[in-house]
Amino acid sequence: MIASLGAVALALRAGLRLRRTRFGRGPRTPDLLRDHLRFAKPAVAAICVGFLAGPISAAWLRDWTPFATFHAWLGGLAVGLFLAAAILGWRLERHRGRPVDAHATFAGLAVLAAAVAVVAGLVLLP
């Protein structure tokens, strides 16, 4: 999950650069969008795989009840927000509407939820 959160950070950085250019604070180049997509797509996929692996790991490796921790519920919230941002990003990429602000809001909330989930998960480490 650390690697996927690193990819999320790179996607966030590229997305914030795109946002700055949208507000006229820098030149917009095709590289900005390409960088954002290059990091965001694998990051969301890795986050989803990690979310699916979490309950499996809890049940099989630790004999815990899946989704019995605050960390699990925060992870569920985060993955839901990441998926919402991904769906809106997919619509933006295909020029189906202009949900730019909603995409940015969901992505920002997803990163915040993921950061809180990381902190909540520290107490679960062996």
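The questions and answers below look at some helices and residues of a predicted model.

Me: Why is leucine 112 called exposed?
Reply: Leucine 112, which is found in helix H4, has a relative accessibility of 53%, and since exposed means over 50%, leucine 112 counts as exposed.

Me: What makes up the nonpolar surface patch, and which helix gives the largest share of the patch?
Reply: The patch, of about 390 Å², is made by Phe70, Leu109, Leu112 and Val116, and its largest share, three residues, comes from helix H4, which covers residues 100-122.

Me: Why is aspartate 35 called buried?
Reply: Aspartate 35 has its place in helix H2, and its relative accessibility is 13%; buried means under 20%, so aspartate 35 counts as buried. Leaving aside neighbours within four places in sequence, aspartate 35 is in contact with Ala14 and Arg17.

Me: Which other residues of H2 are buried, and what do the buried residues pack against?
Reply: Besides Asp35, the buried residues of H2 include Leu32, His36, Ala40, Val44 and Ile47, and the buried residues of this helix pack against helix H1 (2-22), helix H3 (70-93) and H4.

Me: How do you know that the span of helix H2 agrees with its number of residues?
Reply: Helix H2 runs over residues 30-60 and has 31 residues; the expected span is 1.5 Å times one less than the number of residues, which gives 45 Å for H2.

Terms used
Residues are numbered from 1 along each chain as its sequence is written. This is a predicted model: local features need pLDDT of at least 70, side-chain atom pairs count only at pLDDT 80 or more; totals for chains, interfaces and linings use all residues. Side-chain values use heavy atoms; hydrogens and water are left out. Patches are made of residues with over 30% relative accessible area and no salt bridge: like charges are joined within 9 Å, nonpolar side chains (Val, Leu, Ile, Met, Phe, Trp, Tyr) within 5 Å. Accessible areas come from the Shrake-Rupley method with a 1.4 Å probe; for residues, only the protein chains shown count as cover. A salt bridge is a side-chain nitrogen of Lys or Arg within 4 Å of a carboxyl oxygen of Asp or Glu. Helices (H or I, at least four residues) and strands (E, at least two) are DSSP runs, numbered from the N terminus. Buried means under 20% relative accessible area, exposed over 50%, partly exposed in between (1.4 Å probe, protein chains only). Contact means heavy atoms within 4.5 Å.
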